[in-house]
Amino acid sequence: MRTARAPLATAATTVTAAAAALAALAALIGLTGCGGTSRAADPSQPAARHFEGLPFVGVLFADGEHHCTASVIDSPKGNVLVTAAHCVHFQDDDGDDEDDGKGGDPGDGEESGPITGDLQFAPRFSGAGEGTFPYGKWKVSGIHVPRAWREEDGDRGDYAFLTVEPDARGRSVQEVVGAATPDWSSGPRRHVTVVGYPNEAYNPDNRPITCATDTERDDDQPYMMRMRCGGFYDGTSGSPWLADHQDDRRPGRLIGVLSGGDTDAESTAVLFDRQARELYERVTRGAAKSP
């Protein structure tokens with residue numbers, strides 16, 4: 001499984017508990033990484049291009065570092081994001097969500113569970129260096145991953161719903177930037193638009209990329225769909241897959257988020273299904289608890 005495309009570069013010189021946890025997650029991300037080792041794309045395949053971005057898609061920052069991509073998903077309170085589970089939650093590799101030291105990277109002194117530290121969402125972020133934040137930063141207040149991610153082999157549960165706090169004026173993030181409507185019953189063969197943020201090593205100006213292409217079922221993991229499009233390097237985990245997308249006002253339907261793939265030119269996403277809908281509904285009712 002290729003997981004987070006954003007190897008979290010820890011810049012701090014003093015190691016705090018939160019920084020250590022984030023560094024360990026970065027190591028997990030890099031080892032299982034989304035496109036961290038790139039092979040040459042087939043010239044006949046489409047390639048992502050830079051564009052101006054979508055208001056409801058942005059960067060997840062963990063303690064100030066570009067971490068992954070996330071997007072706003074339509075919800076009654078307007079306060080829910082969606083991203084990849086591996087971006088926000090340590091996983092015990094042997095599948096029991098216990099840190100017994102046998103599960104690989106999360107067992108390297110870190111317990112399974114949500115990442116610690118300051119997690120923020122920056123819609124339509126762009127720009128070299130510190131960049132610009134046209135819609136500000138939104139503080140993540142809750143991390144919700146499916147049981148399949150916490151207790152099973154993980155791949156089929158590699159998505160997460162995040163709740164965010166309102167801004168200083170009391171507005172929800174959806175009020176400010178809009179949202180995409182989820183589709184819980186899509187088939188794997190769709191024409192999609194995928195929007196993501198490669199990290200700065202591949203994308204010095206921090207500009208969003210987009211690719212419109214067709215998907216198919218992943219033969220090795222039938223609960224996943226696959227696309228072929230170059231340019232989806234580290235940092236793009238969590239990128240929304242939008243079916244029937246046209247523009248900002250007609251964003252289409254969100255059928256999954258980027259979770260893996262072997263190279264920057266081939267990516268996979270767990271197809272949203274009944275289990276994803278059930279978790280989403282628990283989150284929007286306020287019944288789901290952060291694990």
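This is a predicted model: local features need pLDDT of at least 70, side-chain atom pairs count only at pLDDT 80 or more; totals for chains, interfaces and linings use all residues.

User: How many disulfides does a search of the whole structure find?
Analyst: The search finds two. One is formed by Cys68 and Cys87, with their sulfur atoms 2.1 Å apart. The other joins Cys211 to Cys229, with an S to S distance of 2.0 Å.

User: Are Cys68 and Cys87 buried or exposed?
Analyst: Both Cys68 and Cys87 are buried.

User: And where do Cys211 and Cys229 lie?
Analyst: Cys211 is in strand S12 (residues 209-217), while Cys229 is in the loop between strand S13 (224-228) and strand S14 (240-243). This pair links distant parts of the chain, 18 residues apart. The link of Cys211 and Cys229 is right-handed, with 110 degrees about the S-S bond.

User: Why does Cys211 count as buried?
Analyst: Cys211 counts as buried because its relative accessibility is 3%, and the cut-off for buried is under 20%. Cys229 also counts as buried, because its relative accessibility is 0%.

User: What does S12 pair with?
Analyst: Among its partners is strand S11 (residues 191-196), which is joined to S12 by six bridges and runs antiparallel to it. There, Val192 has Thr213 in S12 as its bridge partner. Strand S1 (residues 49-50) is also antiparallel to S12, through two bridges, and His50 of the chain stands opposite Ile209 in S12.

User: How many bridges join S12 to S13?
Analyst: Three bridges join S12 to S13, and these strands run antiparallel. Glu216 has Arg226 in S13 as its bridge partner. A hairpin through six residues connects S12 to S13.

User: How do strands of a sheet pair in general?
Analyst: They pair through backbone hydrogen bonds, in either a parallel or an antiparallel arrangement.

User: A change of topic: in what order do the six strands close into a barrel?
Analyst: The order is S2-S3-S4-S9-S8-S7, and the pairing is antiparallel. Neighbouring strands of this sheet are turned against each other by 45 degrees on average, direction ignored.

User: Could you describe one of those pairings?
Analyst: Strand S4 (residues 80-83) pairs with strand S9 (residues 160-164) in the antiparallel sense over four bridges. Within that pairing, Val82 has Phe161 in S9 as its bridge partner.

User: Which strands does helix H4 lie across?
Analyst: Helix H4 (residues 274-285) lies across S4, strand S8 (138-144) and S9. The helix runs at about 15 degrees to S9.

User: Which residues have the most contacts inside the largest nonpolar core?
Analyst: They are Leu60, Val88 and Phe161, in a core of 53 residues. Strand S2 (residues 57-62) provides the largest share of this core, with five residues. Apart from it lies another core, of 14 residues, which include Val192, Met227, Cys229 and Ile255.

User: What does Leu60 touch?
Analyst: Not counting residues up to four places away in sequence, Leu60 touches a set of residues including His66, Cys68, Val88, Phe121, Val140 and Leu162.

User: His66 interests me. Where does His66 lie?
Analyst: His66 lies in strand S3. His66 counts as buried because its relative accessibility is 13%. A polar atom of its side chain lies 3.2 Å from the backbone oxygen of Tyr197.

User: Last item: where is the place of Gly187?
Analyst: Gly187 is in the loop between strand S10 (181-182) and S11. Gly187 is partly exposed, with a relative accessible area of 32%. Gly187 and Arg217 are 30 residues apart in sequence, and their C-alpha atoms are 8.6 Å apart in space.

Technical notes
Residues are numbered from 1 along each chain as its sequence is written. Side-chain values use heavy atoms; hydrogens and water are left out. Two strands pair if DSSP finds at least two bridges between them. Axes are lines fitted to C-alpha atoms, for helices over the stretch in contact, and angles run from 0 to 180 degrees between N-to-C directions. Contact means heavy atoms within 4.5 Å. A nonpolar core is a set of buried Ala, Val, Leu, Ile, Met, Phe, Trp, Tyr and Cys residues joined through side-chain atoms within 4.5 Å. Buried means under 20% relative accessible area, exposed over 50%, partly exposed in between (1.4 Å probe, protein chains only). A disulfide is a pair of cysteine sulfur atoms within 2.5 Å. A polar contact is a pair of N or O atoms within 3.5 Å; within protein, one must be able to donate a hydrogen and the other to accept it, and residues adjacent in sequence count only if both atoms are side-chain atoms.
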